[in-house]
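Trainee: I would like to go through the labels used for this model and see what each one rests on.
Mentor: Then ask about them one at a time.

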Amino acid sequence: MSPLVETRRLTKEFRVGGGVRRLLGARGGTLVAVDDVSIAIPRGETLGVVGESGSGKTTLGKLLLQLERPTAGDILFEGTSLLRSSAATRRRLRKRIQVVFQDPYSSLNPSMTVRQTLSEVLAVHRIGTRETRRAQVDELLERVGLSPSLADRRPHQFSGGQRQRIGIARALAVEPEFVVADEPVSALDVSIQAQVLNLLLRLQDELGLTYLFISHNLSVARHISTTIAVMYLGRIVEQAPAEELFAEPLHPYTQALVRAAPKPVPRHKTPTPAVGGDIPNPIDRPSGCHFHPRCPFAMDICRTVAPSVRSPRPRRLVECHLYPETPAAVPALTHGGDGP
């Protein structure tokens with residue numbers, strides 16, 4: 001199956017001023033937020049992108065939304081380049097790509113009612129008429145599990161979970177095919193997170209939606225994702241089907257994240273920190289494998305040579321010198337008896 005959304009060697013660099021460089025103690029002046037990232041998301045599936053803060057997850061989402069322009073590489077939607085197509089084609093494709101923001105408190109205009117917010121989206125995209133939009137707004141609210149009787153209320157009259165449902169309704173108003181969900185449940189109470197995740201799954205099933213789901217929480221990503229990509233300092237260091245990644249994480253960084261993920265076990269002790277050591281300066285990244293200063297398995301080659309992408313298991317990709325291309329030669333990773 002050909003992917004609905006694809007990136008090819010996507011890179012985004014930011015020039016950083018001298019004051020910021022001095023503050024961060026960096027020698028260089030370029031921050032590489034996304035580094036040579038290639039992904040492919042089949043229609044109707046979810047790619048979860050996980051990693052610590054500063055890994056490049058949100059910048060990747062902004063590139064796919066065309067809120068940022070890449071320094072290099074390409075983005076394809078149904079095989080059409082979003083960067084090399086005409087302005088008219090980009091406008092047409094942009095309508096099919098929408099976003100659900102992280103913070104349901106700041107992403108809605110506090111001075112507008114829900115009906116005004118959703119009607120504005122319909123009007124901007126010339127969907128329906130003034131007479132039909134009232135019924136369209138009611139239908140959108142019902143689709144996300146809210147009563148149309150609430151449409152004339154303002155955002156402050158809703159709970160966080162209800163506001164995020166309104167944000168989802170706004171994204172659905174233009175009937176998109178691809179939705180970037182940037183930490184859509186991280187600002188919600190844990191008791192509400194599962195409800196919103198289940199709503200996203202139901203909408204995907206009903207409408208055939210394709211998601212890029214950004215999260216720092218592996219357990220949340222596991223619940224909704226078909227495939228998970230793990231990012232570290234702008235690079236995807238591992239990619240695998242969600243359940244396979246949790247059953248057998250290959251990259252040492254992924255192993256640490258999986259160990260630290262909350263376990264749904266009563267009286268389970270508090271998770272350990274995800275990774276030991278400090279996150280490297282993003283403007284002055286380590287040579288070789290960027291993870292080697294924090295890696296318990298680092299070898300001499302890791303300090304000088306950047307690893308290539310390897311496929312030591314079917315449907316698995318990993319950037320790590322511990323893994324040769326031949327599956328039979330993959331070493332068993334253990335570290336002090338505390339493997340994942």
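Trainee: What makes Arg-294 and Glu-52 a salt bridge?
Mentor: This is a predicted model, and in it the side chains of Arg-294 and Glu-52 come to 3.1 Å, N to O. The cut-off is a Lys or Arg side-chain nitrogen within 4 Å of a carboxyl oxygen of Asp or Glu, so the pair counts.

Trainee: Why is the pair said to tie together parts that are 242 residues apart in sequence?
Mentor: Because Arg-294 lies in the loop between α10 and α11, while Glu-52 lies in the loop between β3 (46-50) and α2.

Trainee: Why are Arg-294 and Glu-52 called buried?
Mentor: Buried means under 20% relative accessible area. Arg-294 has 8% and therefore counts as buried. Glu-52 has 18%, so the label holds for Glu-52 too.

Trainee: How do you know that Arg-303 and Asp-300 form a salt bridge?
Mentor: Their closest N and O atoms are 3.5 Å apart, and the limit is 4 Å. Both residues lie in helix α11, three residues apart, about one turn of the helix.

Trainee: Which accessibility labels do Arg-303 and Asp-300 get?
Mentor: Exposed means over 50% and buried under 20%, with partly exposed in between. Arg-303, at 37%, is therefore partly exposed, whereas Asp-300, at 64%, is exposed.

Trainee: Why is Arg-130 called exposed?
Mentor: Its relative accessibility is 73%, and exposed means over 50%, so Arg-130 qualifies. Arg-130 is found in helix α5 (residues 130-143).

Trainee: What makes Met-299, Ile-301 and Val-305 a nonpolar patch?
Mentor: Patch members need over 30% relative accessible area and no salt bridge, and nonpolar side chains are joined within 5 Å. Met-299 has 31%, so it passes the area cut-off. Together the three have about 210 Å² of accessible area. Met-299 itself lies in the loop between α10 (252-260) and α11 (300-304).

Trainee: How many cavities are counted, and what lines the largest one?
Mentor: There are three cavities of 30 Å³ or more. The largest holds about 80 Å³ of space, and its lining includes His-251, Cys-289, Phe-291 and Cys-302. By class, that lining has nine nonpolar, three polar and no charged residues.

Trainee: What makes a space a pocket rather than a cavity?
Mentor: A probe in a cavity cannot get out, while a pocket is an open set of points. The largest pocket has about 440 Å³ of space. Among its 20 lining residues, Gln-193, Asn-217, Ser-219, Val-220 and Pro-262 lie nearest its centre. The elements giving two or more residues to this lining are α7 (190-207) and α8 (218-224).

Trainee: Which element gives the largest share of the lining of the second largest pocket?
Mentor: β6 does, with three residues. The volume of the second largest pocket is about 310 Å³, and its lining has seven nonpolar, three polar and four charged residues.

Terms used: Residues are numbered from 1 along each chain as its sequence is written. This is a predicted model: local features need pLDDT of at least 70, side-chain atom pairs count only at pLDDT 80 or more; totals for chains, interfaces and linings use all residues. Side-chain values use heavy atoms; hydrogens and water are left out. Patches are made of residues with over 30% relative accessible area and no salt bridge: like charges are joined within 9 Å, nonpolar side chains (Val, Leu, Ile, Met, Phe, Trp, Tyr) within 5 Å. Accessible areas come from the Shrake-Rupley method with a 1.4 Å probe; for residues, only the protein chains shown count as cover. Helices (H or I, at least four residues) and strands (E, at least two) are DSSP runs, numbered from the N terminus. Buried means under 20% relative accessible area, exposed over 50%, partly exposed in between (1.4 Å probe, protein chains only). On a 1 Å grid over the protein atoms alone, a cavity is a set of points where a 1.4 Å probe fits but cannot get out, and a pocket is an open set with protein on both sides within 12 Å along at least five of seven lines; lining residues have an atom within 4 Å of a point. Grid points are joined across faces, edges and corners, and a volume is the space filled by probe spheres set on the points. Ala, Val, Leu, Ile, Met, Phe, Trp, Tyr, Cys and Pro count as nonpolar, Asp, Glu, Lys and Arg as charged, and the others, Gly among them, as polar.
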